Amino acid sequence: MHSIRLRHVFRFTVMAAVLVALTPFAVAETGAEAWLRYAALDAKAVKTYQGLPSGVVVLGDSPVLKSAQGELTRGISRMVGRSLRIALHPTEDAFVLGTLDQLHALATQLNPPDQLIADGYWLKSARIGEHECLVITAATDRGVLYGVFALLSKIARAENVAVLDDLQQPHAPLRWVNQWDNLDGHIERGYGGPSIFFAEGKVRDDLSRAGDYARLLASVGINGCAINNVNADPRVLDAAFIGQVSRIADVFRPWGVQLALSVDLSSPKALGDLDTFDPLDPRVVAWWRNKVNEIYRQIPDFGGFVVKADSEGRLGPSTYNRTQADAANVVAHALKPHGGVVFYRAFVYNHHLDWRNLKNDRAKAAYDIFHPLDGAFDDHAIVQIKNGPIDFQVREPVSPLFAGLRRTNEAIELQITQEYTGQQRQLCFLVPMWKEVLDFDMRIDDRPTPVKDLVAGRTFHRPTGGIVGVANVGMDANWLGNPLAMANLYGFGRLAWQADLSAETIVGEWTRLTFGNDPLVVQTIATLQLSSWHVYESYTGPLGAGTLTNIVGNHYDPAPESSERNGWGQWHRADHDGIGMDRTVATGTAYIAQYPPAIQKLYESLAACPDNLLLFFHHVPYTYVLHSGKTVIQHIYDSHFDGAEQASAFVSKWEALQGHIDEERYNEGLKLLQYQAGEAVIWRDTICNWIYHLSGLPDQKGRVRTEPRH
Ligand code: GCW
């Protein structure tokens, strides 16, 4: 009886082993592990890692160092099948994890580089006593954790780690994500399911996803997360609610992610404590101080606040004729003694603009309001500026405000969630766009002054600065609703850490970590991702016209007339004769005057203005001839047809991956790309018909029907 059962078990085990061997992708891929899959490496790769240490020594016991050790043990075991022995001292070849101070106590002969500060880390192969060790060290615990993630990433991508001497420092000190989660669990502009933090007005009981999220964020060096919508519910500052929020901080803490809250500036009044929220009223000053103290009592490592005020119906300092700096400072002063900061959003504008007045221009608002306040903000306030002057359109110039603040901390706000760029139902890898923005040289005082250095506080030697991304992950297993969209979250973190990385490097890393090292897979997915922004742009918004999506509804479908004749100011001014917003100093809204002189020159003259921003800066007739030699109208037709064709080619490119990646993500990707191909045709036909009927100018290639619709 016994032996029969054993035989049975044996046969079953053999069968299972054969099945696993035959199916290279034996584990169901939900996308939940994103780029932290730690998939088993093939035998050849495992062999190259034979020399890796067999033990791990951790020189402290903080929660962050514990995560670092756990991560290293898990990663090595899953990728190379080795269980690391845990020891207090290097009694064998070991990974040694600890801060510089802790290493010092070990009396090692290492000479750490002087530049090792803040969150930076150093991976160093070194002999300690008798043993060959791999030291992962940093000024802080968090840096050590980042070093561990970096090492595991190298191994997952089959990089040589035999002899390491690798120092990495973050580009910007503050690298945060914002989540626009409402307390009822719905996420504003979220396309990956409901909130991982809140449900039905409360913090969720089960916060395991929040912990997993913090781990993902830490793995790419993100050190802060504001968990609720910038259209903030005042109730987040209720005493009882702060208690609930502290549970989220508890699951963030082991990953070195600081929790932050978006707050409503009218909270002192809205919560019923005072009859005013005037930032200069001493009672309001005391209210913020007490509230902040109350938070720090429960969350000692609290990061700070994000504020959206005087914007899209939110109350703000204008109620009391106070400035945005007055408002930022009352909050900053309360946070300062605890080391917290306030990110004060520059997205302040009037959404009741008179569209009949051709001199009105929403794009001018942020600079007009914040530039005169330069120098008036406390050092614990950071002005958070969207990358462009309008609102996360598929193509915008960089916001001139980046160059307009010299004595004020600033941060750039990028949008990972694809609000206007296909809502994760369409492929749009945004890293190439963000690179253009971060690398853009503002030529302040005719010197090289790229945006990435301005926002990091480097150019004007500011105490701090940051790169912020609106992420909006949700409860969907794969976080963003589309496994391919996670390249944007990954890429955001990597750029915030190392702004000089190329889009090619980032997408290569991400693909290897997410789908494995098969060159066909890496090449195919990287190519798709790298072309996707231009493809999406070409069928939704060529030449910088701004949004042609439905701006009063879902921000997704084509609805070019929805931008016009309302106060929101996302105008493209298309009429019978021409298209584009005249923002020139000579004849238009004079928005261009907000840039430093060299940039003004670039945009003011039609001859110098790049084609891809032409309609953002100029109103031109449809027959205007571009640098490319085509007329504007023909370009619009061609670009829509090319774009739709390329979107349809995404499908056949993806099909080459069948059998090379797991079935789950293959099928999911295929479905999404097929859907996108259809959407691109809808966009193409809607926009081409619309512009034909407006202009009366036919497509030279005869593809757009010339009969009016019935
Ligand atoms: O683009 C608009 C979005 C709003 C958002 C706002 C902002 C959170 O449509 O949903 O509100 O920008 O950035 O504040």
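These legends walk through several close-ups of one predicted protein model.

**Before you start: how the model is read.** Residues are numbered from 1 along each chain as its sequence is written, and side-chain values use heavy atoms, with hydrogens and water left out. Since this is a predicted model, local features need pLDDT of at least 70 and side-chain atom pairs count only at pLDDT 80 or more, while totals for chains, interfaces and linings use all residues.

**Figure 1. How confident is the predictor, and where?** The score here is pLDDT, the predictor's confidence in each residue, from 0 to 100. The protein chain has a mean pLDDT of 94, and 95% of its residues reach 70 or more. A contact means heavy atoms within 4.5 Å. As for the labels, helices (H or I, at least four residues) and strands (E, at least two) are DSSP runs, numbered from the N terminus.

**Figure 2. Strand β4 and its two partners.** Two strands pair if DSSP finds at least two bridges between them. Strand β4 (residues 121–128) pairs with strand β5 (residues 131–138) in the antiparallel sense, over eight bridges. Look for serine 125 opposite leucine 134 in β5, and for arginine 127, whose bridge partner in β5 is glutamate 132. The hairpin of β4 and β5 has two residues between the strands, and glycine 129 there takes a positive phi near 60°. β4 also runs antiparallel to strand β6 (residues 165–168), joined by four bridges. In that pairing, tyrosine 121 stands opposite glutamine 168.

**Figure 3. Strand β5, tucked inside.** Strand β3 (residues 94–99) runs parallel to β5, with five bridges joining them. Phenylalanine 95 has leucine 134 in β5 as its bridge partner. Why is β5 largely enclosed by the rest of the structure? Because seven of its eight residues are buried. Here buried means under 20% relative accessible area, exposed means over 50%, and partly exposed lies in between (1.4 Å probe, protein chains only).

**Figure 4. Lysine 154, a buried helix residue.** Lysine 154 sits in helix α5 (residues 141–156). Its relative accessibility is 13%, so lysine 154 counts as buried. Leaving aside neighbours within four places in sequence, lysine 154 is in contact with Tyr49, Leu123, Glu159, Val161, Leu164 and Asp166.

**Figure 5. Valine 348, in a loop.** You'll find valine 348 in the loop between β13 (341–345) and α11. With a relative accessible area of 5%, valine 348 is buried. Setting aside neighbours within four places in sequence, its contacts include Ala309, Asp310, Ser311, Gln324 and Ala365. Glycine 316 is 32 residues away along the chain, and its C-alpha atom is separated from that of valine 348 by 9.6 Å.

**Figure 6. Serine 648, buried or partly exposed?** Serine 648 belongs to helix α19 (residues 632–655). Its relative accessibility is 40%, so serine 648 counts as partly exposed. Alanine 680 is 32 residues apart from serine 648 along the chain, yet their C-alpha atoms are separated by 8.2 Å.

Figure 7. Rolling a probe the size of a water molecule over the atoms shows where empty space is left. On a 1 Å grid over the protein atoms alone, a cavity is a set of points where a 1.4 Å probe fits but cannot get out, and lining residues have an atom within 4 Å of a point. Grid points are joined across faces, edges and corners, and a volume is the space filled by probe spheres set on the points. By this rule there are eight cavities of 30 Å³ or more.

Figure 8. Among the residues lining it are Ile390, Gln393, Trp571, Arg583 and Phe616.

Key. 1 Å grid on protein atoms, 1.4 Å probe; cavity = no way out; pocket = protein on both sides within 12 Å on 5 of 7 lines; lining within 4 Å.
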